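Colleague: Please show me the model, and then let me ask about a few places in it.

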Amino acid sequence: MPAEIVLTNARLVTAERVIDGTLVIRDGLIATVEEGRSQLPHAQDLDGDYLLPGLVELHTDNLEKHMSPRPGVDWPSASAVLTHDAQIVAAGITTVFDALSIGDIKPGGQRMQQLPVMLEAIARAAEAGETRAEHRLHLRCELCHPDVLSLFRDLVEHPLVQLVSVMDHSPGQRQFALEAKYREYYRGKYHLSEAEMDAFTIEQKLNSQKYSDRHRRAVVEECRVRGLAVASHDDATLAHAQESATYGMTIAEFPTTLEAARASHELGLKVLMGAPNIVRGGSHSGNIAAAELAAANVLDILSSDYYPASLLQAAVMLAGQDNDYDLPKAVATVSRLPAQAAGLHDRGEIRVGLRADLLQARIASEQPLVRQVWREGQRVF
């Protein structure tokens, strides 16, 4: 890597404003940010494109699609991780929290078998320096699974684990307050007969009653001791938001109502919604639209969830909607705010002294084009 990299003729998106200017990288850090063009012969002309902080993704299960590209197909894990990583960095994401689910509720599901394989493959690739984005781990704990606590304790000591979320996807809870919606969703997803769906519903209700509350308390306490960030998931009511705040959670993932989102925001939790929700114009499961939360000024973080390229596109679209989000504020939802929520204060913003995690993008419409990406000053795309 050159001792100094100069990027000029760029529209720099800082935390406060957009600057027509120049950015200098030294030793993997942002050394200077200034207005105007550089006349240095080694300066790279970015042709008036936007220069943004590298995106920070807190919740994506994109790796699972590469591990199992078709039903019944198990893809080699090393190849799956590198393909996933390439897709991530091509979307402008320089820090990614790969979400690994603990506690598969699918009858005969493969997630539990894939979990240690995925974790080991990510760790091995990262240690070998083969990944272009920086990979961290997000453990998603399905609280109503009988074995979730023991599985969590087996994995939480892994050095890449930095974020944990607690979920209850049982009927009558949070995302599925209406049992009819629960039955419709899981019958279609798992191709269950009416009788199989009846048995599945009863089992999940009983497991939730038996395990959910005590597993929530235990997981949160384990995270508190280790200083790990904890996220709630699918909070639907004021009581849910208050409970999450009482537990000291810092992120509210995918609240399903304006009431829960507003309460979470006011209680100090960062409200995270899906970028696909913005791109598609609403929730695929019929819950609150992310654009409505932005209009109410209670949207803090966007996550690509299942579609990496949606992250930057959603930020650009957010800045063009009828709300208080200009481009710097919209970009913060995919960079500075997720970084801070996860305890990463060395990145996520164009500011002197921070890591030179950057992306160059041409934004001619709502579909931005990522042209270059740097991680710690090294070009990775």
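Modeller: This is a predicted model, in which local features need pLDDT of at least 70, side-chain atom pairs count only at pLDDT 80 or more, and totals for chains, interfaces and linings use all residues. Residues are numbered from 1 along each chain as its sequence is written, and side-chain values use heavy atoms, with hydrogens and water left out.

Colleague: At roughly what angle do the axes of helix α4 and helix α6 cross?

Modeller: Helices (H or I, at least four residues) and strands (E, at least two) are DSSP runs, numbered from the N terminus. Axes are lines fitted to C-alpha atoms, for helices over the stretch in contact, and angles run from 0 to 180 degrees between N-to-C directions. The axes of α4 (residues 148-155) and α6 (residues 194-226) come within 10 Å and cross at roughly 10 degrees.

Colleague: Is α4 roughly parallel or roughly antiparallel to α6?

Modeller: Angles under 35 degrees count as roughly parallel, over 145 as roughly antiparallel, 65 to 115 as roughly perpendicular and the rest as oblique. The crossing is at roughly 10 degrees, so α4 is roughly parallel to α6.

Colleague: Which residues of α6 make the contact with α4?

Modeller: Contact means heavy atoms within 4.5 Å. From α4 come V148, L149, F152 and R153. Their partners in α6 are H215, A218, V219, E222 and C223.

Colleague: With which side chain does the side chain of Q360 make a polar contact?

Modeller: Q360 lies in strand β14 (residues 358-362) and counts as buried, at 3% relative accessibility. A polar contact is a pair of N or O atoms within 3.5 Å; within protein, one must be able to donate a hydrogen and the other to accept it, and residues adjacent in sequence count only if both atoms are side-chain atoms. At 2.7 Å, the partner of the Q360 side chain is that of D49.

Colleague: What is the phi of D305, roughly?

Modeller: D305 is found in the loop between β13 (301-303) and α11, and is buried with a relative accessible area of 15%. Most residues other than glycine have a negative phi. D305 is not a glycine, yet its phi is positive, at about 55 degrees.

Colleague: What distance separates the C-alpha atoms of R351 and A31?

Modeller: R351 lies in the loop between α13 (336-341) and β14 and counts as partly exposed, at 40% relative accessibility. R351 and A31 are 320 residues apart along the chain, and their C-alpha atoms are separated by 8.4 Å.

Key. Buried < 20%, exposed > 50% of the residue type's maximum accessible area, 1.4 Å probe, protein only.
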